[in-house]
Amino acid sequence: MNKKDIPQDHSALVNYIRELCYAVGENGNYETANSTGWEVKTNALDVAWKDIETRIIAAKDKVLRGEASPVLFYMELRLMDMKILSGYTGFWQWTIKRHMKPEVFKKLSEAKLKKYADVFEVSMKELKMEHFNADRL
Amino acid sequence: MQIDFEHRQAAHCENGVTANLLRFSGVEITEPLAFGIGSGLFFIYIPFLMVNNAPAFSYRTMPGLIFKRTCKRLGIEVIRKKFSSQESARKMLDSCLQNNQPVGCQVGVYYLTYFPKEYRFHFNAHNLVVFGKEEDQYLISDPVMEGTTSLTDYELNRVRFAKGPLAPKGQIYYPNLTKNITPENMKYAIRKGIRQNVRDMLFIPGPIAGVSGIKFVAKKILKWHDKLGAQKTGLYLAQLVRMQEEIGTGGGGFRFIYAAFLQQAHKFIPDDKIVAISQQFTSAGDMWRDAAVQAAGIFKGRLTQRSDFVNMHDRMLQVAEVEKQAFTQLSKLKF
């Protein structure tokens, strides 16, 4: 890549970082220059986010249909998986799997619910999704 | 309390931390040199590790290895510590700063407040340098940022103890320099770095790593297309492009940084062949970027024919061939 060809497209990095690129300068030596972004990788990032959104919506529908507890929804919302959630809560993965069943979730102690609420950074009310309003999240 | 630390922006976090910390200790080193001496260039496809519903790819070596290898090859001792308690992690950090020693920290990105939200995934192998403390604020030199930033005690602690795969466990590290680094030391380290990189890219057994890993993925693209469908393959290709181009690679999946390394190595190894090989890595980087454009056409849904996937397959085979040639020539270099 020649230095003059470094793309300067709009990306999520604008206002945060202009990242450093290595490119060949006029005399054939490598130089560094900043770039605001490249359309191709912005598109790739968009694909990843669209996939995440689909998963969050699917999780929400499952909770609303009563097939899963809010733990599943908030796990997806916070981009976590079982392993990560297990790390932050200190619960075993199979325990979390159980907590994802609505009937088990209803009987959880306040202390356990508090742990989930802290990790997901939501209030206890929001965690239980009693007055659920997806647009707010 | 603030240490007189020079922040220099880098393309990749670990290279940047390595080069900046070593420069603070008095070693004349750049980001590309650190990358090359640490044998940073790699390719691996990890089918059993799923990240965001797509298999993992990496264009670089394992996190942590670049710092470790670069120091070792220059004959510099590494101080590295992990912690089980957040309290002792904080104490150790503070006492290093008291002793005028900036330290490298491994952190998770998800709770890193100064990053844009779009980039904050649960990725735990990011690196930054802490170089001072003012009241409740730690002064941070994050090599991918243009300038220095700061984090509160709470924020820093949170990213140091991020959870999940590759959890940093408050890990801190710094080089402990006791002697002067001579050009002779540099030359030795560069040779070691190149030798290992040749081995990593050409001779690792099994199909998923090195040049054969690139060929393997090329063939997989067609299999994915036939078995999983165009959309899923698109998702996988998007992941491939993200790993190749996302913040930290310097573009072209680290190939440009490696080309820059060879160019700078020429100062220590006066063999003109190394400049010619450097140009081959430049063209490999360019080919990776052209392939990314083709991949983007696929995952945006603009290119849907099977021939478009075959085109992607062919492009990757070509890059693999160029890199194989380049590394073979590197392996024959006498110095």
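Visitor: Which pattern does chain A follow, read along the sequence?
Guide: Chain A follows the pattern β-β-α-α-α-α-α-α-α, with seven helices and two strands. Helices (H or I, at least four residues) and strands (E, at least two) are DSSP runs, numbered from the N terminus. The model is predicted: local features need pLDDT of at least 70, side-chain atom pairs count only at pLDDT 80 or more, and totals for chains, interfaces and linings use all residues. Residues are numbered from 1 along each chain as its sequence is written, while chains are lettered from A and ligands numbered from 1 in the order in which they are written.

Visitor: Why is chain A called more spread out than a compact globule?
Guide: The radius of gyration is taken over C-alpha atoms, and the globule rule is 2.2 Å times the number of residues to the power 0.38. For 137 residues the rule gives 14 Å, whereas chain A has 22 Å, well over that value, so chain A is more spread out than a compact globule. Its C-alpha trace spans about 70 × 30 × 25 Å along the principal axes. The C-alpha centres of domain 1 and domain 2 of chain A lie 39 Å apart; these domains cover 3-37 and 41-136, with bounds from an automatic or database domain assignment.

Visitor: What makes a set of residues a nonpolar core, and which members of the largest one touch the most others?
Guide: A nonpolar core is a set of buried Ala, Val, Leu, Ile, Met, Phe, Trp, Tyr and Cys residues joined through C-beta atoms within 7 Å. Buried means that 20 or more other C-beta atoms lie within 10 Å of a residue's own; exposed means 12 or fewer, partly exposed in between, with C-beta atoms placed from the backbone. Of the 113 residues in the largest core, Val130(B), Val241(B), Ile257(B), Tyr258(B) and Ala295(B) touch the most other members. Helix H10 (residues 273-299) of chain B gives the most to this core, twelve residues. Apart from it lies another core of 17 residues, including Tyr116(A) and Phe120(A).

Visitor: What is Val241(B) in contact with, leaving aside its neighbours within four places in sequence?
Guide: Two residues are in contact if their C-beta atoms, placed from the backbone, lie within 7 Å. Val241(B) is in contact with Val40(A), Lys41(A) and Ala44(A), and with Ala292(B), Ala295(B) and Ala296(B).

Visitor: How many residues join the two chains in contact, and how do they divide on the side of chain B?
Guide: In chain B 42 residues are in contact with 30 residues of chain A. H10(B) gives the most to the side of chain B, eight residues. That side divides into 22 nonpolar, eleven polar and nine charged residues; Ala, Val, Leu, Ile, Met, Phe, Trp, Tyr, Cys and Pro count as nonpolar, Asp, Glu, Lys and Arg as charged, and the others, Gly among them, as polar.

Visitor: How do you know that the span of helix H6 (residues 183-202) of chain B agrees with expectation?
Guide: The expected span is 1.5 Å times one less than the number of residues. For the 20 residues of H6(B) this gives 28 Å, and the end C-alpha atoms are 28 Å apart, which agrees. Among the buried residues of H6(B) are Met186(B), Ile190(B) and Ile194(B). What covers the buried residues of H6(B) includes helix H7 (210-228) and helix H11 (306-332) of chain B.
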